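Colleague: Hi! I'm new to this one. Could you walk me through it?

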Amino acid sequence: MRLRVPMAVIAVSLAAGLTSAAADTEDARRLQGVWIAVSAERNGRAADDLKGHRLTFQGDRFTIRSNGKLLYQGTFRADPAKKPATIDFKHTRGQALGKGWLGIFLLEGDVLKICDNADDLARGRPAAFATEPGSGQVLITFKREGS
C-alpha cells in the first residue's frame, strides 16, 4: 500500500506536466506562421518604424525581420492560461542577444496583438494592451501573412 501513494503522486505530477505541455503545444500551433506588423506604438506614441516587420513562429522559435534583415531571433514560450495570456521571448541572435522580453498577447483569428517591455526591460510585463509615455512598452498589431 505504501508504494501506491508515491506512485499515485508521481502519476498525477506527470499528468499535470503533460497537460501543461499540451496547452503550450496548442498555443504554439495557433501562433505558428508569419505575421506582419500593421500598426505599432511605443511609449504612447506611434511607432511607424515597426510597421512591416515580419514575425515568424516556427516550433518554439521566433524570428523578426525587416526588409529581409534579421533583427531578432530566439525562443518563445506562451501561456494562454494566464489572463491576459503571456508570451516570453528569449533572444539568441540579433540586436537583443542574451536578453528577454516579457509580454502579453491576444490572438483573435488572423489578428495577433503583442504588448511587451521591449523598450525598457526593467519595467516588467505589461498588464494591459496599451502604452503610455515612459512606460517602456511596445504594442504591435500583426496580421497573419496572406489573410
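**A look at the pocket and the backbone**

Modeller: Happy to! Let's start with the lining of the largest pocket, where β9 gives the most, with three residues. Keep in mind that this is a predicted model.

Colleague: What volume does the largest pocket have?

Modeller: The volume is about 320 Å³. Besides β9 (138-144), the elements that give two or more residues to its lining are β5 (69-79) and β8 (111-116).

Colleague: And which residues lie nearest the centre of the largest pocket?

Modeller: Those are Leu50, Tyr72, Trp101, Ala118 and Ile140, out of 19 lining residues.

Colleague: How many of the lining residues are nonpolar, polar or charged?

Modeller: The lining has 13 nonpolar residues, along with two polar and four charged ones.

Colleague: New topic: the backbone. Where is there a cis peptide bond?

Modeller: Look between Lys83 and Pro84, where omega is about -5 degrees. Pro84 sits in the loop between β5 and β6 (85-94). Most peptide bonds are trans, and most residues other than glycine have a negative phi.

Colleague: Is Asn43 buried or exposed?

Modeller: Asn43 has a relative accessible area of 17%, so it counts as buried, the cut-off being under 20%.

Colleague: What about Asn67?

Modeller: Asn67 also isn't a glycine, and it has a positive phi of about 50 degrees. You'll find Asn67 in the loop between β4 (61-66) and β5. Asn67 is exposed, with a relative accessible area of 82%.

How values were computed:
Residues are numbered from 1 along each chain as its sequence is written. This is a predicted model: local features need pLDDT of at least 70, side-chain atom pairs count only at pLDDT 80 or more; totals for chains, interfaces and linings use all residues. Side-chain values use heavy atoms; hydrogens and water are left out. On a 1 Å grid over the protein atoms alone, a cavity is a set of points where a 1.4 Å probe fits but cannot get out, and a pocket is an open set with protein on both sides within 12 Å along at least five of seven lines; lining residues have an atom within 4 Å of a point. Grid points are joined across faces, edges and corners, and a volume is the space filled by probe spheres set on the points. Helices (H or I, at least four residues) and strands (E, at least two) are DSSP runs, numbered from the N terminus. Ala, Val, Leu, Ile, Met, Phe, Trp, Tyr, Cys and Pro count as nonpolar, Asp, Glu, Lys and Arg as charged, and the others, Gly among them, as polar. Buried means under 20% relative accessible area, exposed over 50%, partly exposed in between (1.4 Å probe, protein chains only).
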